[in-house]
Amino acid sequence: MSGEYDVNLRYGVDTALNLADKVAVVTGGLGGIAMATNSMLLEKGARLALLYPPFEADRVASLQAEFAADRVQFVCCDVTDPAAVTQAFDQVISHYGHIDILVNCAGYVMLQPVIDTDFAEWQKQIAVNLTGPFLCSQAAARLMITAGNGGKIINIASQAASIAIDNHVAYTSAKAGLLGMTKVMAKEFAPHRINVNTLSPTVVLTPMGEKAWRGEKGEQMKKLIPLGRFAYTDEIAAAVLFFASNGSDMITGADLMIDGGFTIW
């Protein structure tokens, strides 16, 4: 048997990034990064299940009018509650029949110095930013493995997972844990053709991000970013789209920095 390879062969990357017939679950599905992601995934033909927390329930009625009912399902879910996550994914399967993509967008941050961070605040940030992605990834992977068609799990981490930033102790700890969790899942799920990766943005100009970093504080932060600006939501969504497509089938356990060079230092 020849040990040579035909270097003219091609994998078959779909440069159109077509996601027709794919079902994507997006947690924190009503947030800034998520909404930009939703738009791109829908444009490429995917159907969506948007998981949102109970405190955002009053937004759903107005948003439902913006999407076709057969393309977007809204599911209330506290991603930190194992029973709620199980129920939510059961609803998605009942509605669509399968899941191909999971985007863990749900997140929470409260910036405080280490000595001022109380235990309840620590627990909340770990719960939303690490436990939530664990529970949702576990639920999605079980369904993907049973279906036998592979899948994509995309976790939104942060530049704060890789470099120390003042007042981020709980958030950094959770996001750094998310990087480690992603690597373990990537290794374990690889035999099932499930890719697991993270994206690590800098400050993103979501409504929350813009409010937190406006004024002099933001100007000083931008001076630390070699490209000299913050990221926009569609830039993060574009990276999600790539990881959701078959062009990323050979990438797993990776962390893509979308930070304008902040972590070069």
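A residue is called exposed when its relative accessible area is over 50%, buried when that area is under 20%, and partly exposed in between. The exercises below use these classes on a predicted model.

**Exercise 1. Decide whether the radius of gyration of the chain agrees or disagrees with that of a compact globule.**

Step 1. The chain has 265 residues, and a compact globule of that length would have a radius of gyration near 18 Å.

Step 2. The value for the chain is 19 Å, which agrees with the globule value.

Step 3. Along the principal axes, the C-alpha atoms fill a box of roughly 60 × 50 × 30 Å.

Step 4. Of the 265 residues, 47% count as buried. The chain exposes about 13,400 Å², and 57% of this area is supplied by carbon and sulfur atoms.

Step 5. The chain contains 8 helices and 7 strands. Taking contacts between residues at least 6 apart in sequence, 72% join residues at least 24 apart.

**Exercise 2. Describe the largest pocket: its volume, its lining and the elements that contribute.**

Step 1. The space in the largest pocket is about 1,200 Å³.

Step 2. Its lining has 46 residues, and those nearest the centre are Cys-105, Gly-107, Tyr-108, Val-109 and Met-208.

Step 3. Two or more lining residues come from each of α1 (32-43), β2 (47-52), α4 (119-147), α5 (169-189) and α6 (207-212). The largest share belongs to α6, with 4 residues.

Step 4. Sorted by class, the lining has 30 nonpolar, 11 polar and 5 charged residues.

**Exercise 3. How many cavities of 30 Å³ or more does the structure hold, and what lines the largest cavity?**

Step 1. There is 1 cavity of 30 Å³ or more. The largest cavity has a volume of about 30 Å³.

Step 2. Its lining residues include Met-110, Gln-112 and Thr-117, together with Glu-121, Gln-125 and the run Asn-167, His-168, Val-169, Ala-170 and Tyr-171.

Step 3. Helices α4 and α5 are the elements that give two or more residues to the lining of the largest cavity. The largest share, 3 residues, is from α5.

Step 4. By class, the lining of this cavity has 4 nonpolar, 5 polar and 1 charged residue.

**Exercise 4. Locate Lys-124 and Tyr-232, and state how accessible each one is.**

Step 1. Lys-124 sits in helix α4. Its relative accessibility is 43%, so Lys-124 counts as partly exposed.

Step 2. Relate Lys-124 to Val-109. The two are 15 residues apart in sequence, and their C-alpha atoms are 9.0 Å apart. Val-109 is among the residues nearest the centre of the largest pocket.

Step 3. Tyr-232 is in the loop between α7 (216-222) and α8 (233-244). With a relative accessible area of 46%, Tyr-232 is partly exposed.

Step 4. List the contacts of Tyr-232. Apart from neighbours within four places in sequence, Tyr-232 touches Val-204 and Leu-205.

Step 5. Compare Tyr-232 with Val-85. These residues are 147 apart along the chain, and 29 Å separates their C-alpha atoms.

Conventions: Residues numbered from 1 in each chain as written. Predicted model: local features only at pLDDT ≥ 70, side-chain atom pairs only at ≥ 80, totals over all residues. Heavy atoms only, no water. 1 Å grid on protein atoms, 1.4 Å probe; cavity = no way out; pocket = protein on both sides within 12 Å on 5 of 7 lines; lining within 4 Å. Points joined across faces, edges and corners; volume = space filled by probe spheres on them. Nonpolar A, V, L, I, M, F, W, Y, C, P; charged D, E, K, R; others polar. Rg over C-alpha atoms; globule rule 2.2 N^0.38 Å. Buried < 20%, exposed > 50% of the residue type's maximum accessible area, 1.4 Å probe, protein only. Contact = heavy atoms within 4.5 Å. Areas by Shrake-Rupley, 256 points an atom, 1.4 Å probe, with all protein chains shown as cover.
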